[in-house]
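Please read the following points with the coordinates open. They are meant for a quick pass.

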Amino acid sequence: GCSASGASPVSITEGDDAGDVVVVYLSCLEGVAMPGVVRSTDDGRTWSTPATVDVATADGRVPTSRVVPGPGHGIGLSLGAHKGRLVVAAWGELAGARSTFLLLSDDGGRSWRSGASASEADGGRRVDESIVVEGADGTLLLSSRNPTGGRTHARSVDGGESFVAGPDGNVLEVNREL
């Protein structure tokens with residue numbers, strides 16, 4: 001019931017780790033389908049031993065199903081107070097609701113934690129496959145596939161720690177003007 005997939009590579013461009021590549025993926029370490037991470041310091045010729053990613057949310061909740069990165073790439077933030085932070089979008093289930101997560105690393109991908117999360121309870125929209133981009137002002141935009149049709153979006157103005165509510169009061173908004 002577990003197969004490695006959902007690879008989200010991040011090319012590190014800032015700091016001492018510039019040039020390294022980190023890949024966060026759906027891992028099957030010890031038969032548990034949760035994010036794993038590997039690193040290459042030589043342009044992908046060799047890779048580190050796989051490690052797991054802590055996906056407990058800031059308030060201590062643990063997802064109730066697999067947490068799948070991406071699909072797509074992660075990013076290294078280039079602006080503001082969180083410059084150099086690595087961010088990977090992921091999706092899974094939290095407290096019985098389909099949810100989207102931002103996985104964060106502040107040490108060049110050596111350790112990871114869960115940042116912002118939102119579920120279908122935050123606007124009634126189902127979410128799955130997700131990707132994140134950084135805007136010119138440092139705002140992060142998460143774009144998630146809504147399996148019932150369309151895209152769902154969320155924004156973060158604090159480096160991926162939390163999502164902010166949109167004009168309709170919901171954290172997740174469907175196909176809103178960006």
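**Notes on the predicted model**

1. Asp 20 counts as buried, because its relative accessibility is 9%, below the 20% cut-off. Keep in mind that this is a predicted model.

2. What does Asp 20 pair with? Asp 20 forms a salt bridge with Arg 39. The closest N and O atoms are 3.1 Å apart. The two partners come from distant parts of the chain: Asp 20 sits in the loop between β1 and β2, and Arg 39 in strand β3 (residues 34-40). They are 19 residues apart. Arg 39 is buried too, at a relative accessible area of 13%. In general terms, side chains of opposite charge can pair when their charged atoms come close.

3. The pair belongs to a network. Salt bridges link Asp 17, Asp 20, Arg 39 and Arg 110. The structure holds 11 salt bridges.

4. Another salt bridge joins Lys 83 and Glu 14, with the closest N and O atoms 4.0 Å apart. Lys 83 lies in the loop between β6 and β7, and Glu 14 in the loop between β1 (5-11) and β2 (21-27), so this pair ties together parts that are 69 residues apart in sequence.

5. Arg 113 has 30% relative accessibility and counts as partly exposed.

6. Next, the fold as a whole. The protein chain has 13 strands and zero helices. Its pattern along the sequence is therefore a run of β elements, β-β-β-β-β-β-β-β-β-β-β-β-β. Of its 178 residues, 47% count as buried. Take contacts between residues at least 6 apart in sequence: 44% of them join residues at least 24 apart. The accessible surface comes to about 8,200 Å². Carbon and sulfur atoms account for 50% of that surface.

7. Four strands make an open sheet, ordered β1-β2-β3-β4, with antiparallel pairing. At the edges are β1 and β4 (51-52), each of which pairs on one side only. Inside this order, β2 and β3 pair in the antiparallel sense over seven bridges. Leu 26 has Pro 35 in β3 as its bridge partner. As a general point, strands of a sheet pair through backbone hydrogen bonds, either parallel or antiparallel.

8. Nine bridges join the two, which run antiparallel. Leu 94 stands opposite Ala 97 in β8. The two strands form a hairpin, with two residues between them. Which residue in the turn has a positive phi? Ala 95 does, at about 55°. That torsion is a simple item to check in the coordinates.

9. Last, Ser 119. Ser 119 lies in strand β9 (residues 113-119). Its relative accessible area is 11%, so Ser 119 is buried. Which residues does Ser 119 contact, leaving aside neighbours within four places in sequence? The contacts are Ala 97, Arg 98, Ser 99 and Leu 172. Ser 119 and Trp 91 are 28 residues apart in sequence. In space, their C-alpha atoms are 9.4 Å apart.

Definitions and conventions:
Residues are numbered from 1 along each chain as its sequence is written. This is a predicted model: local features need pLDDT of at least 70, side-chain atom pairs count only at pLDDT 80 or more; totals for chains, interfaces and linings use all residues. Side-chain values use heavy atoms; hydrogens and water are left out. Two strands pair if DSSP finds at least two bridges between them. A salt bridge is a side-chain nitrogen of Lys or Arg within 4 Å of a carboxyl oxygen of Asp or Glu. Buried means under 20% relative accessible area, exposed over 50%, partly exposed in between (1.4 Å probe, protein chains only). Contact means heavy atoms within 4.5 Å. Accessible areas come from the Shrake-Rupley method with a 1.4 Å probe; for residues, only the protein chains shown count as cover.
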